[in-house]
Amino acid sequence: MGLNLGGKVVLITGAAMGIGRETALAFAKEGANLALLDIDEKELANTKAVVAKTGVKVSTVVADLSTDKRASQGVRNSLSAFGGDIDVLVNNVVSGAIRTFDELSDDDWSTTFNLNFMSYVRACRAVLPRMRMKGGAIINNASDLARQPEPLSIDYSVSKSAILALTKGLARAEAPKIRVNASSASRGASWQAGGGSSQRHRLPGVRSGEFCHLECLGCGRRQYSEHHLDQHHATIDHDGLAGHVISGS
Ligand SMILES: NC(=O)c1ccc[n+]([C@@H]2O[C@H](COP(=O)([O-])OP(=O)(O)OC[C@H]3O[C@@H](n4cnc5c(N)ncnc54)[C@H](O)[C@@H]3O)[C@@H](O)[C@H]2O)c1
């Protein structure tokens, strides 16, 4: 896409598989150096092997991002390979199971929020001091389920709604130096090759590899895209875009 990302440092959480891995590869193809975090050591090493072929510098850290200490340490350690520098944070990590509301205990809700939402808060907190000095972009992966929840995995949907509020509030606080946006794909936007939670859980009616319809809710700019990742690119490529949800359906 010619985004001039050569030498930029992009940190991606949940980069071992699915959209995180494909995002890493796409940024690497644009020349960005990568700091990748995930709990899955083996798959993270596989991601590193794939993206390293592009010639960019890659730092990986294995960390459970559901706890404050490990998330903060993980971000710090992964960026130490770049002298603490960072230009783009992609909050992507997720975990979840298909459960009805009645099946969800308080602990289940806390577990979901600790990873799906609080890991985003903690990663933002860790990178903001540096970004406030030099500028940057934060991309929060949400979901269409944030605004149109389904009966199942309601904890997932609510955690994604919280991410939209976090995105808009943080965008207002940090603009124009730091652009904070959310990418809100539908579950049908799952990566064909990379798997993804929707494919693993086999939700009824879920398909993969569909085209996404991207629309900036702020300015109305539209584009069609084959890949969810282009939503990330849209948020970086789009001057002055902050606090918006780029949605795919
Ligand atoms: N797949 C889709 O169709 C779809 C649709 C809409 C939004 N999204 C969003 O895109 C993002 C990526 O989705 P995906 O389907 O690629 O997910 P995925 O399940 O394929 O990948 C999630 C990654 O997070 C890692 N992870 C899980 N628990 C962790 C922990 N405690 N600490 C550190 N890492 C951990 C996993 O190892 C994995 O590499 C998520 O935020 C998801 O909500 C996905």
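This is a predicted model: local features need pLDDT of at least 70, side-chain atom pairs count only at pLDDT 80 or more; totals for chains, interfaces and linings use all residues.
**Entry 1: α3 and α4**

I looked up the two helices and found α3 at residues 68–80 and α4 at residues 106–134. Their axes lie 9 Å apart, and the packing angle is about 45 degrees.

Next I listed who meets whom. From α3 come Asp-68, Ala-71, Ser-72, Val-75 and Arg-76. Their partners in α4 are Ser-119, Arg-122, Ala-123, Ala-126 and Val-127. Sorting this contact of α3 with α4 by class, I get five nonpolar, two polar and three charged residues.

**Entry 2: α4 and α5**

I then followed α4 to its contact with α5, which spans residues 154–174. Here the axes come within 9 Å and cross at roughly 20 degrees. An angle under 35 degrees counts as roughly parallel, so that is the word I wrote down for α4 and α5. The crossing of α4 and α5 is right-handed.

Which residues make this contact? On the α4 side I found, among others, Trp-109, Phe-113, Phe-117, Tyr-120 and Cys-124. The α5 side includes Tyr-156, Ala-162, Ile-163, Leu-166 and Leu-170. By class, the contact of α4 with α5 holds 11 nonpolar, three polar and two charged residues. Asp-108 of α4 and Asp-155 of α5 also belong to this contact, and Asp counts as charged.

Note on methods: Residues are numbered from 1 along each chain as its sequence is written. Axes are lines fitted to C-alpha atoms, for helices over the stretch in contact, and angles run from 0 to 180 degrees between N-to-C directions. Helices (H or I, at least four residues) and strands (E, at least two) are DSSP runs, numbered from the N terminus. Two residues are in contact if their C-beta atoms, placed from the backbone, lie within 7 Å. Angles under 35 degrees count as roughly parallel, over 145 as roughly antiparallel, 65 to 115 as roughly perpendicular and the rest as oblique. A crossing is left-handed if the near helix is turned anticlockwise from the far one by less than a right angle, and right-handed if clockwise.
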